[in-house]
Amino acid sequence: MNHHSKATVGSAVGLALAVAVLLLAPAGCANKAAAVLHVYTWADYIKPELIARFEAENACKVIIDTFDSNEAMYAKLKAGATGYDLITPTSYMVSLMLAQGMIQPLDKTLIPNAAYIDPDYLKIAIDKTMDHSMPYMITNTGIAYLKSKVKNFEPSWAMFDRQDLKGRVVMLNDMRETIGAALKFLGYSLNTTNEEELRKAGNVVLRWKRNLAKFENEQYKSGIASGEFLLVHGYSGDILQVRKENADIAFAMPREGGTISCDDLVIPKAARAAALAHAFINFLHDPKVAAENTDFTQYVCPNAAAYPLMNEAIKNDPGVFLSSELKAKCEILADLGADNAKWVKVWDEIKAAK
Amino acid sequence: MKRSRFPLIVTAAVLLFFYLPIFILIVNSFNASRFSSSWQGFSFKWYAQLLHEPEIWLAARNTLVIAVLVTIVSLVLGTTSALALHRFAGSRLQRAHFTLIYTPLVVPEILMGISLLMAFVAAGVRLGLATIFLAHVTFCISYVALVVLGRLQDFDFSVIEAAQDLGAGWWTTARKILLPMLAPGLAAGGLLAFTLSLDDFVITFFVAGPGSTTLPIRVYSMIKHGATPLINALSTILLVLTFTIVIISQRLNRTKFLEGGTG
């Protein structure tokens, strides 16, 4: 009995240690293994079948890891975490990572599909020449509303002033998006650092606030699907997903312009499989692949050759595919650096106001 | 004499706050609607879709492997630590030991995550399942040690002396006296370590490397960009699993007590 139990306890500990060693082992010999591409991205952001296709075509393995915010991803890499070959941060974060010397230049001879990138998009992009980043997916921040409930809809930020919608309207709990909307409404740049312009925009948001149910980032999606809210400020990618459930929802981009956000494909300095990462970027911008991926994510890959191949519902949506004229009025959120504090001050006043 | 209703109301409120959210989550995992605000009919579709999500299963496997290993290792280390703390209580060395064991409980998670990451990077360790395992053991030892220590506080050591008087060796004493009497503490410590490891996000996020995404990391990212109903379905499965483990462990404990009584 004693020997038996001794063996059990001993073998349990032994087993645990053995498995622990096994866990450690692959870390040592990963270099010798077949080609592996480590992608660090948002969950459900690449269609799984496309990954399988890339693996088959390139005789490699693609391993996806996920992060949930640009800031957390940045903090982790900044502290020294390595091992990722391709990352998809939002444009403003790409600027910061570039300034910190964390990403490597792209070798465009390895990415012939770069020729398909929408030139209209590149005009407003931060990295216009795609030296360090290629755009992956864009989303517009605009207005979603219920067609049957909101009479006389106008595609304008002025909708947030409409008294008949009082208490059934929501704006994003996001300093850059919401003050940015007011700046656009006033005809200013949404990347302004001019304190006078910010003050005026702050006053507009304060006026809107009296009309709002709340500032909110997540629940607005279910809120408009269920009809609790009639008009919400939100991202086209999210709204398109919600619209699958409630066909009464429409999305519009205000005529004054608004934000276009883009997640970019970048290769970190420490990447071990840089060549494979270039091949994957090129693959994602194959027009057919880009169209298929757009149908999966409901975000739009800014690949002009892919546009005609996209799903009709997305392709024909004027809130998603903006006219060149409207697109020219839209802006990408830029990293504000030290001027961020000016925005925070205005935003704090807005949030504190009754 | 009329009893106060107050305890009853508080108990009911506590139970409500504990279990109502879980209940809502389970109900919504069968909701055909993608957005939980409206009920659009009963459906198993999220469970069916879950079957076709290899990345989620990989994350679940990573999580479970780590949790099981962490539980075993931190039980052994934590218990030995508690024994030392109890046996030599009061000595200067053990007071320092106690402080060291106690610290991980009060250090903010984000600080621990970043510092562990920096330590691993400085040591040139490649991030992965192994670093998550080490990080989890680091904080789980403390919980196990303190739970077992609590059990040792009212432990009657004369029983052990009696056993030794009767000729029991070190191992027999440990096996026949110490372990059975500590069993409830070990079970509590083990379950605590298991659940802490299972749902840790902050520390895990920092020490995880390529290819070692765990379920919590995956779930957080899904909330931002993906489908929440899948998370509901997954959570329901995990809940069923957890309850099953708890029920089985309670059953086992009961049998053990019976054996102890008759033997």
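Let's start with helix α7 (residues 195-209) of chain A: its 15 residues should span 21 Å at 1.5 Å a residue, and the end C-alpha atoms are 20 Å apart, which agrees. The expected span is 1.5 Å times one less than the number of residues, and helices (H or I, at least four residues) and strands (E, at least two) are DSSP runs numbered from the N terminus. This is a predicted model, in which local features need pLDDT of at least 70 and side-chain atom pairs count only at pLDDT 80 or more, while totals for chains, interfaces and linings use all residues. Residues are numbered from 1 along each chain as its sequence is written, with chains lettered from A and ligands numbered from 1 in the order in which they are written.

**Around helix α7 of chain A**
- The buried residues of α7(A) are A:Leu198, A:Ala201, A:Gly202, A:Val204, A:Val205 and A:Trp208; buried means 20 or more other C-beta atoms within 10 Å of the residue's own, exposed 12 or fewer, with C-beta atoms placed from the backbone.
- Seen down the axis of α7(A), these buried residues fall within an arc of 165°, so they line one face of the helix; the arc is that of the directions from the helix axis to the C-beta atoms.
- A:Glu196 and A:Arg207, on the other side of α7(A), are exposed.
- Packing against the buried residues of α7(A) are β5 (169-171), α6 (175-185), β6 (212-215) and α14 (340-352) of chain A.

**A sheet in chain A**
- Three strands of chain A form an open sheet in the order β2-β1-β3, with parallel pairing; strands pair if DSSP finds at least two bridges between them.
- β2 (61-66) and β3 (86-87) of chain A stand at the edges with a single partner strand each, so one side of each has no neighbour in the sheet.
- Six bridges join β1 (residues 36-41) of chain A to β2(A) in the parallel sense, and A:Tyr40 has A:Asp65 in β2(A) as its bridge partner.

**Domains**
- Chain A has domain 1 (35-136 + 261-313) and domain 2 (139-260 + 316-352), with bounds from an automatic or database domain assignment.
- In chain A, 16 residues of domain 1 are in contact with 18 residues of domain 2, contact meaning C-beta atoms, placed from the backbone, within 7 Å.
- On the side of domain 1 of chain A that touches domain 2 of chain A, α4(A) gives the most, with four residues.
- Chain B is divided into domain 1 (1-43) and domain 2 (50-262), whose C-alpha centres are 29 Å apart.

Technical notes
Contact = placed C-beta atoms within 7 Å.
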